[in-house]
Amino acid sequence: MGFSVTALPSGGFDGDVPGFPLSRVSVYYVFKDEGKTVREFDEDATQERFARELELWAFAWSTPQAAAWARESWRWHSVAMWVRTAALCESSDAQAADKNSLHRFADQIGLTPAGLVGNGWAIAADEVAEKRQEKSADDEAAPKAPPKRRLRSVNGGG
């Protein structure tokens, strides 16, 4: 049995984005009051965290890897956990273990070079864009020839 690689579209995934499968996580404001630790629910921070998760979810589903996830719905929870962990790691609440988890989730869902290899995926080269860049570079490098004929205005004539 040979190893095959699945080519993912370099332009990203342009299909339907599934709904975010995780419920909203509550964010708490933690502080000391007379020596006691107090946790108060923070509605604004909860809303902001969820909004950020939805942004990251949309970003994740625009990547080339999403073309593979779309065919494998069993991966969606791992993608959502990467999103949740990424949002947490952007906050001051993140611990070292959260950042380690973020990297592990990224590997699992193919968002790192090692994850691409581990999943048997490769992002396809965009040959049309490469040709366009080559042509553009050739056009810039070629000396411009002066025009062969020029028009002149002539007085009178009439």
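Student: Which residues of α4 are buried?

Tutor: They are Asp98, Phe105 and Ala106. Buried means under 20% relative accessible area, exposed over 50% and partly exposed in between, with a 1.4 Å probe and protein chains only. The model is predicted: local features need pLDDT of at least 70, side-chain atom pairs count only at pLDDT 80 or more, and totals for chains, interfaces and linings use all residues. Residues are numbered from 1 along each chain as its sequence is written, and side-chain values use heavy atoms, with hydrogens and water left out.

Student: What puts the buried residues on the same side of α4?

Tutor: For Asp98, Phe105 and Ala106, the buried residues of α4, the arc around the axis is only 100°, which puts them on the same side of the helix. The arc is that of the directions from the helix axis to the C-beta atoms. The face turned away from this buried side carries exposed Ala96, Ala97 and Arg104. Among the elements that cover the buried residues of α4 is α3.

Student: How many helices and strands does the protein chain have?

Tutor: There are six helices and four strands. From the N terminus, their order is β-β-β-α-α-α-α-α-β-α. Of the 158 residues in the chain, 28% are buried.

Student: Why is Thr85 called buried?

Tutor: Thr85 has a relative accessible area of 8%, which is under the cut-off, so Thr85 is buried. This residue belongs to helix α3. Apart from residues up to four places away in sequence, Thr85 touches Asp98, Ser101, Leu102 and Phe105; contact means heavy atoms within 4.5 Å. Other buried residues of α3 include Val79, Trp82 and Cys89, and what covers the buried residues of this helix includes α1, α2 and α4.

Student: Why does Glu53 count as buried?

Tutor: Its relative accessibility is 0%, so Glu53 falls on the buried side of the cut-off. Glu53 lies in helix α1. Its contacts, leaving aside neighbours within four places in sequence, are Phe20, Val25, Val83, Arg84 and Ala87.

Student: What puts the buried residues on the same side of α1?

Tutor: The buried residues of α1 are Ala45, Thr46, Arg49, Phe50, Glu53, Leu56, Trp57 and Ala60. They cover an arc of only 130° around the axis, and therefore sit on the same side of α1. They pack against β3 (36-41), α2 (66-69) and α3 (76-89).

Student: Is Asp44 buried or exposed, and why?

Tutor: Asp44 has a relative accessible area of 56%, which is over the cut-off, so this residue is exposed. Asp44 and Glu48 are exposed on the other side of α1.

Student: What caps the N-terminal end of α1?

Tutor: Asp42 does, with a side-chain oxygen 3.2 Å from the backbone nitrogen of Asp44. A polar contact is a pair of N or O atoms within 3.5 Å; within protein, one must be able to donate a hydrogen and the other to accept it, and residues adjacent in sequence count only if both atoms are side-chain atoms. The 3.2 Å distance is within that limit.

Student: What makes Glu34 stand out in its phi?

Tutor: Glu34 is not a glycine, yet its phi is positive, about 55°. The residue is in the loop between β2 and β3. At 78% relative accessibility, which is over the cut-off, Glu34 is called exposed.

Terms used: Helix = DSSP H or I, 4+ residues; strand = E, 2+ residues; numbered from the N terminus.
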